[in-house]
Amino acid sequence: EYLVYDASHEGRHEFINGEIVSMAGSSEAHALAAANVTAWLHGAVRGSRCRAYSNDLRVHLNETGLYAYPDVAVVCDRAELTTTNPPSLLNPRVIVEVLSKSTEAHDRGAKAAHYRQRTSVEAIVFVATETRRVEVLTRAADGTWILQEATHGDVAIPPLGVALPIDEVY
């Protein structure tokens, strides 16, 4: 039902915990940060076995039933896609969520909890828009999650072997 609804209604919709959630338009700060991170990651992984996708590619997590449109999803090796139209990505390695006042609690809470259930997800990057701050949650070998935060300089995204310059985000 969600897939039919998303395809037949204007705008984008996520499916979280059994509910269809309409995605609101974004602020100028959100749109700029998302575009900057997408462009930088695209260039940073160019020539590797990884690819960065914009927020137009929906992600589906079989483990929890989540359908979401992260601001950026990075895949390494071959992208696994559903057979739905449009297809949804099944194996993101890195997820980027640009935070706004209206979405921050949800993105850090319920949505991130869903992402952490997918074994292919090795890092979740949170980009603040109200302040200059980028946080990276990285899955450790023992399955725990390690948080690093940066307000200047670079912040490492270990699964990709790159460090995101904070100045490129803002």
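Which residues in H2 are buried? I work from a predicted model, in which local features need pLDDT of at least 70, side-chain atom pairs count only at pLDDT 80 or more, and totals for chains, interfaces and linings use all residues. Residues are numbered from 1 along each chain as its sequence is written, and side-chain values use heavy atoms, with hydrogens and water left out.

**Helix H2.** I found His-30, Ala-33, Ala-34, Val-37, Thr-38, Trp-40, Leu-41 and Val-45 buried in H2, where buried means under 20% relative accessible area with a 1.4 Å probe, protein chains only. Helices are DSSP runs of H or I with at least four residues, strands are runs of E with at least two, and both are numbered from the N terminus. An α-helix has 3.6 residues a turn, so residues three or four places apart point the same way. After H2 comes Gly-47, with a positive phi near 90°.

**Thr-129.** I located Thr-129 in the loop between strands S9 (123–127) and S10 (134–139), and its relative accessible area of 19% makes it buried. A polar atom of its side chain lies 2.6 Å from the backbone oxygen of Leu-99. Beyond neighbours within four places in sequence, Thr-129 is in contact (heavy atoms within 4.5 Å) with Ala-29, His-30, Val-98, Leu-99 and Ser-100.

**Hairpin.** I saw that S12 and S13 form a hairpin with four residues between them, and that Gly-161 in the turn has a positive phi of about 70°. The two strands run antiparallel and are joined by four bridges, and Val-155 stands opposite Leu-164.

Terms used. Two strands pair if DSSP finds at least two bridges between them. Buried means under 20% relative accessible area, exposed over 50%, partly exposed in between (1.4 Å probe, protein chains only). A polar contact is a pair of N or O atoms within 3.5 Å; within protein, one must be able to donate a hydrogen and the other to accept it, and residues adjacent in sequence count only if both atoms are side-chain atoms.
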